[in-house]
Amino acid sequence: MRKIYTLVLAMLVVGTAFAQKSPDEFLGYKAGERFTPHHKVVDYFEHLASTLPNVKLVYYGESVEKRPLFVAIATSPDNMQNLDQIRMDNLRRTGMVDGNPSTKVAINWMQYNVHGNEAVATEAAMMTFWEVVNPANAQGKEWLQKQVLIVDPCANPDGKDRYTVWYNQKVNSRLQPDPQSVEHFEPWPGGRPNHYLMDLNRDWAWQTQAETKQRIELYHQWMPHLFVDYHEQGINDPFYFAPAAKPIHEQVSPFQHEFQDIYGRNTAAKFDANNWQYFTKERFDLLYPSYGDTYPMYNGAIGMTIEKGGSGRAGLGMLNALGDTVTLEERIIHQHAAGISAVEVTARHAERLADEFAKFFKDNSNSPKAKYKSFVIKADQNPARVEALLSLLDKNKISYGFAGNRSGLRGLDYFTGKTASFSTTDKDIIVNAYQPKSVLTQVLFEPEAVLQDSITYDITSWALPFAYGVQAYALETRLDAANAYEKPYFEQNTVSGKPLTYIAPWYATKHAKYLAALLNEGIRIRIADASFEINGESYPAGTMLIMRNGNQYVADYDQKVVSLANKFEIKLATSSSSYVDKGKDFGSSDVAIVKAPRIAMVGGSGTSSLNFGEVWYFFEQELDYPISILEADMLGRFDLSKYDVLILPSGNYLNGTNFNKVMEWVRAGGKAIAIEAAVGMFADKEGFSLSRFDTEEENKAQQKTDTEVAKVERLEPYQDRSRMGISTTAAGAIFEVKLDNSHPLNFGMGNKYYTLKNNGRRYAYLNRGVNAGIIPSLDAYRFGFIGNKLKPQMKESMVYGVENQGRGQIVYLVDNPMFRSFWESGKLIMSNAIFLVGQ
C-alpha cells in the first residue's frame with residue numbers, strides 16, 4: 001500500500017512539473033513588474049513547446065551576439081499534424097511552388113521587439129501566446145482551428161538585452177515615474193538597434209543584417225496572410241493601430257485596405273469598451289518598402305504596425321505630459337488586446353484571407369498594375385555591381401533572365417530621367433513584373449513612388465539602379481527574358497610564373513574588399529592615378545597594381561594574391577614589364593603606394609548611432625578591416641598620432657579643446673572623414689574653405705528669403721503648418737552628382753554618381769579645395785520628394801569635397817554614402833575616402 005501511495009505521489013509531482021504555466025507562474029513575477037531577459041523568454045516558450053502538442057518552436061538562426069532567433073508556432077492538433085501541407089499549399093497560392101492547394105488555413109505572423117528598447121512587446125508576446133494556447137481557453141482552441149499562429153517574441157534580442165540589462169540595473173526598488181530620474185535616460189546608443197546599431201525595421205528589403213537575412217528566409221517558407229509588427233512610440237501618444245495613414249502605395253490592394261479597416265474597427269471596439277485612447281490613419285504610412293508592414297504588404301499579406309505610447313524612456317512607469325503615470329503593466333495589456341484582436345479577425349476571416357491572398361498573386365502576376373512592367377539592367381559596363389544587385393533580387397525571390405540581342409527598344413533611362421531608345425545584348429538582364437513577386441519587383445524598381453500626400457514617414461525614392469549605380473531602363477510593356485539566367489562562369493586565376501605586376505579592377509565594393517584583404521596580409525598595393533594602356537588593354541584611373549617589387553618578403557606572395565582574387569571572383573591581368581604603352585609607367589612617383597591605414601572612428605554621445613553603425617558594419621562585415629572606436633567624450637585623453645584616418649560620423653560633438661586637438665592632428669598629416677551633419681562642424685570657421693553660403697550677398701539674400709517665408713507661414717492656417725515645414729526638407733531625393741573623376745575620391749565611379757539626399761544641408765563650392773562632387777544645376781534632380789523651397793537651393797552646391805589642412809586633409813561627405821547599408825554605389829566613395837585620398 002505504501003509503495004502504491006509513493007507511486008501515485010510521484011506521478012502527481014511529475015504531472016505538476018509538466019503542467020503548462022502562465023508567464024507569471026513560470027517567471028515568478030507578474031507581467032509589468034520587471035523586464036524579462038531574453039534567455040528567460042526562450043525558456044518560457046521552450047516550456048510551452050515541451051508541454052503542449054500543438055506548439056512547436058522553429059529556431060531560424062542567431063543574432064550577432066549569438067542569441068537564438070526563433071518563432072513559436074501554434075495551431076489546432078489536426079492542423080499541426082498537417083502543418084507542412086498547409087505551408088506548401090500556401091506557397092502554391094503564390095505561384096512560387098507549382099500545384100493547387102487542398103487546404104485553406106490562414107497564416108498569422110506576429111513579430112515583437114524588432115526595436116530592442118520597445119521592450120513591452122516581448123512581455124505582451126508571452127501573454128498573448130499563452131492566452132491563445134492555454135488548454136483551459138475554449139475560445140483559443142476555436143481560433144486555432146482556422147489559423148496557424150506564428151509568433152516571433154523578440155526579433156532583436158541583442159538590442160532588447162542591451163536595454164533590459166541596463167534598465168534592470170538602474171531601476172528604483174519602488175516605482176519612480178519622475179521623468180528626470182536616471183532610469184528614464186537611456187545612454188548612447190540605446191537599445192533600439194541591433195549589435196551593429198542598425199535599425200532592423202528598415203532593413204526588410206535590403207537584408208543587410210544577419211537577423212533580417214535569417215528571418216526573411218523563414219518568411220519565404222511561409223508567406224503569411226497577416227503580419228502584425230508591434231512597436232512603441234513617444235510616451236505622450238496613446239495607442240496607434242491600423243488603418244494606416246496616407247500616402248498608401250498604389251500597389252496596396254482594395255482588400256488590403258479593407259482588412260486594415262476590419263482589424264481597426266475590431267480593435268477599436270476593445271479599446272472603447274475599456275475607455276482606452278487610441279488613434280488611426282495618422283503618421284504611419286505605407287510607402288517605404290523596407291518596413292515590417294510594407295514589405296509584407298508588397299508580398300501579398302495584410303501588413304500592420306502597432307504602436308503603444310511609452311518606449312524605452314517609460315521603463316516600469318513614467319509621468320506623461322498630462323501628469324498621468326504610464327505603466328509597463330498598462331502598456332502590456334494594451335498590446336495584448338491588440339494581439340488578441342489580430343487572432344480573432346484572422347479566425348473570423350480565415351477563408352477569405354487565403355482566397356484574397358491567392359487572388360493578389362494571380363492578378364498581379366497576370367496583369368501588373370503599375371506603369372512600368374519590365375526592367376532592363378545593362379550588364380556590360382559594371383558587371384560586379386550588377387552581380388551585387390542580382391544577389392539582392394535572389395534574397396527577395398525575384399526572378400530574372402538574360403535579355404538576348406534585341407534592338408529598337410524604348411524605355412525610361414534612369415540616369416537621364418528621360419525616355420530613350422536602346423538595345424540589349426545576351427549579357428543584359430531582364431526583370432519583368434509577370435511573376436509571383438510582381439508587386440515587390442515594381443516597387444523596388446519604380447523610379448519614383450506616386451505620392452497621395454507629400455508628408456511621409458520615410459524616404460520616397462529607393463530605385464535599385466540608382467542604389468547600385470547600374471545603367472537600366474524601365475519599360476511600360478512586357479518584355480520577357482530570352483533565356484534563363486545562369487551565373488557567368490568565373491575562371492579561376494592560377495599561379496603561373498612570377499609576373500612583375502598583377503592588375504586588378506576598381507569599381508565595386510568587392511574590389512575594396514580585395515584591397516582590404518591584401519592589406520591585412522601585409523601586401524603592398526599601388527593605385528594608378530590616371531588611365532593607362534598596356535599589352536593592348538586599357539585601364540582606368542584607380543586600377544590596382546600589385547607589384548612584386550616591394551612585396552618580395554611576403555611569404556607565399558603569389559598564392560595569396562591569386563587565392564584572395566579567386567575568393568572575391570576578381571579576374572586578374574598580369575604584366576611582365578612596368579613600361580606602359582600609354583600613361584605613366586608603374587614605377588612613376590605618381591603611381592601611389594596604398595599604405596595600410598590605421599583607422600579610428602568617433603562614437604558615443606553626440607554622434608548618430610545609425611550612421612556610426614553603418615560605418616562600423618561596413619568595416620566589420622564587409623571590408624573585414626580593423627577599426628578602433630574612440631568615445632567622443634574621451635577624445636582629449638587619446639593619442640591620435642596612432643591613427644592615419646579618423647572617421648567622424650554624422651553628429652555635432654567636436655568643440656573647443658577636442659576640435660583643436662583633431663585639427664592639430666590633421667595638420668600634422670592626418671585625414672578626417674566627416675559625414676553628413678559632422679560636415680557642419682567645419683563650416684563657416686576661420687581658416688576653413690567650407691561655407692554654407694558663397695558670399696555675404698547670398699547670405700543676406702537667404703536671410704531675406706527666410707524672413708519672407710516666415711511672414712507667409714504666420715498667415716498660413718495652423719493645420720497647414722506641417723506642410724509648410726516640409727517645404728524645406730528632403731525625403732530621399734535623388735540627384736545626379738557631377739564627379740571630378742581625376743580625383744582619388746571618385747576613382748572607379750565614372751563621371752557621375754546618384755546621391756540620395758535626406759537632408760537640407762547645402763554648402764558652397766570650396767574656394768581652396770577640391771570640389772570632387774557637385775550639383776551644378778537643377779537639371780541634376782531626378783526623383784524623390786524635396787521641398788519646393790529647398791530644391792532651388794541645391795544648384796551650385798558641393799556634395800563631396802576635399803580640403804587640405806597643413807599636411808593632412810578633411811574629406812567632406814555632405815550626403816551619407818552609406819545610407820542604411822543598401823546604397824551600394826556609395827560604398828566605393830567611402831572606400832576611396834578611406835584608402836586612396838591623400839596617399
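## Briefing: loops, helices and sheets of a predicted chain

Leu-197 sits in the loop between α8 (157-170) and α9; helices (H or I, at least four residues) and strands (E, at least two) are DSSP runs, numbered from the N terminus. Here is a friendly tour of a predicted model, in which local features need pLDDT of at least 70, side-chain atom pairs count only at pLDDT 80 or more, and totals for chains, interfaces and linings use all residues. Residues are numbered from 1 along each chain as its sequence is written, and side-chain values use heavy atoms, with hydrogens and water left out.

**Confidence**

- The chain has a mean pLDDT of 93 (the predictor's confidence in each residue, from 0 to 100), and 94% of its residues reach 70 or more.
- Residues 1-17 have a pLDDT below 50, and beyond near neighbours in sequence this stretch has zero contacts in the model (contact means heavy atoms within 4.5 Å).

**Backbone points to look at**

- Most residues other than glycine have a negative phi, and most peptide bonds are trans.
- Leu-197 is not a glycine, yet its phi is positive, at about 60°.
- The peptide bond from Ala-242 to Pro-243 is cis, with omega near 15°; Pro-243 belongs to the loop between β6 (239-240) and β7.
- Lys-246 and Pro-247 are also joined by a cis peptide bond, with omega about 5°, and Pro-247 is in strand β7.

- Strand β7 (residues 245-248) pairs with strand β8 (residues 285-286) in the parallel sense over two bridges; two strands pair if DSSP finds at least two bridges between them.
- Within this pair, Ile-248 stands opposite Leu-286 in β8.
- Together with helix α10 (residues 254-273), β7 and β8 make a left-handed β-α-β unit (a crossover is right-handed if, with the strands pointing away from the viewer, the path from the first strand over the helix to the second runs clockwise).

**Helices α5 and α9**

- Helix α5 (residues 83-94) and helix α9 (residues 210-222) have axes that come within 7 Å and cross at roughly 90°; axes are lines fitted to C-alpha atoms, for helices over the stretch in contact, and angles run from 0 to 180 degrees between N-to-C directions.
- On the α5 side, Leu-83, Arg-87, Asn-90 and Leu-91 meet His-220, Gln-221 and Trp-222 of α9.

**The seven-stranded sheet**

- Seven strands, in the order β15-β14-β17-β12-β16-β13-β18, form an open sheet with antiparallel pairing.
- Its edge strands are β15 (418-424) and β18 (483-484), each pairing on one side only.
- Strand β14 (residues 406-413) pairs with β15 in the antiparallel sense over six bridges, and Leu-412 stands opposite Thr-419 in β15.
- Helix α16 (residues 438-445) packs on this sheet, touching β12 (374-377) and β16 (429-432), and its direction makes about 55° with that of β12.

**The five-stranded sheet**

- Five strands form another open sheet, ordered β24-β19-β23-β20-β25, and the pairing is antiparallel.
- β24 (573-575) and β25 (592-594) stand at the edges with a single partner strand each, so one side of each is left without a neighbour in the sheet.
- From one strand to the next, the twist averages 35°.
- Strand β20 (residues 525-527) and strand β23 (residues 544-547) pair in the antiparallel sense over two bridges, with Ile-527 opposite Met-544 in β23.
- Helix α18 (residues 509-520) lies across β19 (501-504), β20, β23 and β25, running at about 25° to β23.
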